[in-house]
Amino acid sequence: MFDLDRDEITSGPIPKTLVILAVPLLVQNLVQVLQQVIDTLWLGRHSLEGVAAVGVTFPVVGLVAAVAVGAGVGTQVLVSQRVGADELALGRRAAVNGAVVGLVGGSIVGLAVGLLAGRIVGVFGASAVVTEYATAYLATFALAVPVLSASEAIESSFIGWGDTRAALYINALAIAVNLVLDPFLIFGWWKFPELGVAGAALATGIGYGVGVALGIGMALRGRGGFVVSRTDFELHPGDCREIVDVGWPTAGQYVSSQSARVGMVWLVALVGGATGLAAYTIGARVATVSFVPAIGLQQAAQSMIGQNLGAEYPARARRTTWTGVAIASGALTVVGAIQWAIPGALSAAFVPDATAAELAVAAEYLRILAYGYWAIGATYLLQAGFNGARRTRTSLIATLLQYWLVRIPVAAGAAFLLSMGVTGVFWGVTVSNVVAAIGLGGYYWFETTAGMNERAAETAAAEGAGRAEAAD
């Protein structure tokens, strides 16, 4: 059922192909969520301060991961367009250069974070013990950033090629190694050193290192035509520039959304106090699971759109985007309906120790959030439509407007000017999601009607001709 020939990406039934590509990515994202839960459980056995320390570093880790996201998307789009144009050797070369971009970019960011870990953590004003643990965790995690970024680029190369199962295997192995090593490195089981909270970060780094080794091994051995040989190991400045040019807006988009979420946490804490903050946290945890289908579809759609544009099928790329919008919106509408029907049960399942007051506010937030789930699905897939056409700057601008021009001002206005309190902040989230989907959908329709995909296909074809002439 889940076997897919590469030609089907540019010629097969769009809904079926999208789903086949997305299922391994959906499983991969669910496994990542499971990893976070199990990490927290092990750290909870270590100490409450250990859990708090990881919570303190969570926003910083999210910002640091932007370099991996940028390298991954840039690599995926470039590989997919070249594969769609049947330039397989150049697609493999792009994969190699994507891994280099991820490694170099991750090394620069990781070094900076590692050197400044103490100062960064100190900004949060946590207790002395939590600050000590958080500094150790962040400094150790910084060592893993180069490997994490390279791993993301390698996974994205397979996704761009159309082999999403390979990306699942890499990520699943990395997470499995991480979870196995966690207790050994945290508590010093057997002959391992007892590293405490830093052990959790080291386990993550080792896990991704093993995943990278598997990815390299699969690329050298070959899967579905993706066979990297010594001739493909060419550091090409042009490829690196293209990957950075396509990827940096995505990294900026990620930084923007993460920064805005920090601002929302501050606003919720100001308006709703500890109860509102707990409710917001519960909602964020539930949403993390709920959005998994849309994220998997987005990654799958980016590859399909990129390959179809590379193959000079702009109309099919547009149909892929709208088909993905329909599937993602429909799936999240169903998820939202379930969430709306049983918000209290979901809140209690995720945070069983929450008080009755916290669960009541959390249930209110989950219901408000559910009204905009369809819009979240649509936004993810519309961004895929722009990203696959190398219009990642459009996705960046849309995210900046969604969070900074709509979400935070609407949330603050509803909370203070309309005297809605923390409920107004919750409505600000849903309103911004709906506005983003409608605005981005209208703009995508306008741009594609005006020939955006045709221009993207022509650009890909012209670059392919230029590379062929250079090779001659």
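Me: What makes a stretch of residues a helix in this predicted model, and which helices each supply at least two residues of the nonpolar patch?

Reply: A helix is a DSSP run of H or I with at least four residues, numbered from the N terminus. On that basis, helix 9 (237–290), helix 15 (392–417) and helix 16 (422–449) each supply at least two residues of the nonpolar patch.

Me: Which residues make the nonpolar surface patch?

Reply: The patch of about 1,200 Å² is made by Trp266, Leu270, Trp340, Tyr371, Val410, Phe416, Leu417, Leu418, Met420, Trp427, Val431 and Val435.

Me: Why does Trp266 count as exposed?

Reply: The term exposed requires over 50% relative accessible area. Trp266 has 59% relative accessibility and therefore counts as exposed. Its place is in helix 9.

Me: Why is Trp42 called partly exposed?

Reply: Partly exposed covers values between the buried limit of 20% and the exposed limit of 50%. Trp42 has 21% relative accessibility, so the residue counts as partly exposed. Trp42 is placed in helix 2 (residues 14–46). Leaving aside neighbours within four places in sequence, Trp42 is in contact with Leu179, Asp182, Pro183, Ile186, Phe187 and Trp189. The C-alpha atom of Trp42 is separated by 35 Å from that of Thr379, which lies 337 residues apart along the chain.

Me: Why is Ser329 called buried?

Reply: Buried means under 20% relative accessible area. Ser329, with a value of 12%, is therefore buried. Ser329 is found in helix 11 (residues 314–341). Not counting residues up to four places away in sequence, Ser329 touches Trp374, Gly377 and Ala378.

Me: What makes Thr423 a buried residue?

Reply: The limit is again under 20% relative accessible area. The value for Thr423 is 17%, so Thr423 is buried. This residue lies in helix 16. Leaving aside neighbours within four places in sequence, Thr423 is in contact with Glu364 and Ile368.

Me: At what angle do helix 14 and helix 15 pack, and which residues make the contact?

Reply: Helix 14 (residues 373–388) and helix 15 pack at an angle of about 145°, and their axes are 7 Å apart. Gln383, Phe386 and Asn387 of helix 14 make the contact with Thr392, Thr394, Ser395 and Thr399 of helix 15.

Me: How do the residues of the contact of helix 14 with helix 15 divide into nonpolar, polar and charged?

Reply: These residues divide into one nonpolar, six polar and no charged.

Methods. Residues are numbered from 1 along each chain as its sequence is written. This is a predicted model: local features need pLDDT of at least 70, side-chain atom pairs count only at pLDDT 80 or more; totals for chains, interfaces and linings use all residues. Side-chain values use heavy atoms; hydrogens and water are left out. Patches are made of residues with over 30% relative accessible area and no salt bridge: like charges are joined within 9 Å, nonpolar side chains (Val, Leu, Ile, Met, Phe, Trp, Tyr) within 5 Å. Accessible areas come from the Shrake-Rupley method with a 1.4 Å probe; for residues, only the protein chains shown count as cover. A salt bridge is a side-chain nitrogen of Lys or Arg within 4 Å of a carboxyl oxygen of Asp or Glu. Buried means under 20% relative accessible area, exposed over 50%, partly exposed in between (1.4 Å probe, protein chains only). Contact means heavy atoms within 4.5 Å. Axes are lines fitted to C-alpha atoms, for helices over the stretch in contact, and angles run from 0 to 180 degrees between N-to-C directions. Ala, Val, Leu, Ile, Met, Phe, Trp, Tyr, Cys and Pro count as nonpolar, Asp, Glu, Lys and Arg as charged, and the others, Gly among them, as polar.
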